[in-house]
Amino acid sequence: TSVYRSGGDLTCLENSFPFIKRDIIKDPGGIELVLLKNYWDWVSSSGENSASTQDIAADKVRATFVLGRVHAERLKRLVTAQCRSSVDTEHYHISTFVVTCAYIWVCLIKSKESVANNLSHDNGDHELYYFLFPYDSRNRLEFWVPTTYLGNCLKPCAIEIKKREVLGESGIILAAKAIGKGIKEMERSDKRIGTMTGRFTVVAGSPKLQVYETNFGWGRPCKVELTHIDYDGAISLAECRDGESGVEVGVALNKNEMDEFLTNFEQSLKLL
């Protein structure tokens, strides 16, 4: 895309040629081996017995929702006001990413619980829900990583919240505070992921990837979708194509859950 934008002038790469040496990433704690072991344990225990991706996605519908800039700003003001009343205000990171994730997470949980007729607080009041997203660590390491490094340098960040909290009137605010606090802990490198038993929502993509700015010579994308959310249960995030309207969120659910999600999404916006 750089070569195309420069009109074919290869000198545009002189200061930005991709750096691909993987040994630049140090792993003194042996995390790579731990993750590989966990992966192969998962493959051996469930990989062969799991349904095909086609079967999993057979009853799914996929849709893209937009949390507009105006609503995101209102959410940030609401959450920030709540954080200011807390004794540990500095422990929260409140951004468009944080409030968007919180909003979608709560809408998803309410939608699935509604379809399952499980909205009662007496049913699993202390049940935990988890929200996982990748955290970019390339500029937050003890060692230097070039800005042109072409590869992932990510850590998983896991947030948990109780069912009674997320289904309450302040569910979105509590979810945003939990995500914002988790990011702050990642910045200090003191957040650890322990054993997680509960329901997961995973994030794929990021508005900062600027997928709509990709142009190999035949124009910018009209629509970007991550198809793997059909079968792995993740939600996708991307910037809006016009660059001004907010964040695009891709969701794949069965028809009943999608209907409930649409209702929750629209009704919650009216309260902002």
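1. Disulfides. A disulfide is taken here as a pair of cysteine sulfur atoms within 2.5 Å. By this rule the count is zero disulfides. In general, such a link is a covalent bond between the sulfur atoms of two cysteines. Cysteine 107 counts as buried because its relative accessibility is 1%, and cysteine 157 is buried at 0%.

2. Basis of the note. The model is predicted: local features need pLDDT of at least 70 and side-chain atom pairs count only at pLDDT 80 or more, while totals for chains, interfaces and linings use all residues. Residues are numbered from 1 along each chain as its sequence is written, and side-chain values use heavy atoms, with hydrogens and water left out.

3. Overall organisation. The protein chain has nine helices and six strands; helices (H or I, at least four residues) and strands (E, at least two) are DSSP runs, numbered from the N terminus. Of the 272 residues in the chain, 34% are buried. A contact means heavy atoms within 4.5 Å. Among contacts between residues at least 6 apart in sequence, 75% join residues at least 24 apart.

4. Aromatic pairs. Rings of Phe, Tyr and Trp (its six-membered ring) pair if their centres lie within 6.5 Å; planes under 30 degrees apart count as stacked, over 60 as edge-to-face and the rest as tilted. By this rule there are 10 aromatic pairs. One of them joins tyrosine 39 and tryptophan 40, edge-to-face, at 5.2 Å centre to centre with 70° between the planes. Tyrosine 39 is partly exposed, at 44% relative accessibility, and tryptophan 40 is exposed, at 53%.

5. An aromatic link across the sequence. Phenylalanine 65 and phenylalanine 261 also form an edge-to-face pair, 4.8 Å centre to centre and with 70° between the planes. Phenylalanine 65 lies in strand S1 (residues 60-68) and phenylalanine 261 in helix H9, so the pair ties together parts that are 196 residues apart in sequence. Phenylalanine 65 is buried, at 9% relative accessible area, and phenylalanine 261 is buried, at 0%. Both belong to one aromatic cluster, formed by Phe65, Tyr103, Phe261 and Phe265.

6. The second largest pocket. On a 1 Å grid over the protein atoms alone, a pocket is an open set of points with protein on both sides within 12 Å along at least five of seven lines, whereas a cavity is a set where a 1.4 Å probe fits but cannot get out; lining residues have an atom within 4 Å of a point. Grid points are joined across faces, edges and corners, and a volume is the space filled by probe spheres set on the points. The second largest pocket holds about 300 Å³ of space. Its lining comprises 14 residues, and Glu169, Ile172, Ser268, Leu271 and Leu272 lie nearest its centre. Helix H4 (69-84), helix H7 (171-187) and helix H9 (255-270) are the elements that each give two or more residues to this lining. By class, the lining has six nonpolar, six polar and two charged residues; Ala, Val, Leu, Ile, Met, Phe, Trp, Tyr, Cys and Pro count as nonpolar, Asp, Glu, Lys and Arg as charged, and the others, Gly among them, as polar.

7. Threonine 201. This residue is found in strand S4 (residues 199-205). Threonine 201 is buried, with a relative accessible area of 8%. Leaving aside residues up to four places away in sequence, threonine 201 touches Trp105, Leu108, Tyr130, Phe131, Leu132 and Ile235.

8. Glutamine 210. Glutamine 210 lies in the loop between S4 and helix H8 (229-232). Its phi is near 50°, a positive value in a residue other than glycine. Glutamine 210 is partly exposed, at 48% relative accessible area. Glutamine 210 and alanine 238 are 28 residues apart in sequence and 7.1 Å apart in space, C-alpha to C-alpha.

9. Two further loop residues. Phenylalanine 17 is placed in the loop between helix H1 (2-5) and helix H2 (31-47), and counts as exposed at 57% relative accessibility. From phenylalanine 17 to threonine 148 the separation is 131 residues in sequence and 6.8 Å in space, C-alpha to C-alpha. Aspartate 59 is in the loop between helix H3 (53-57) and S1. Aspartate 59 touches Leu253, Asn254 and Lys255, not counting residues up to four places away in sequence. Aspartate 59 and alanine 252 are 193 residues apart in sequence and 9.8 Å apart in space, C-alpha to C-alpha.

Technical notes:
Buried means under 20% relative accessible area, exposed over 50%, partly exposed in between (1.4 Å probe, protein chains only).
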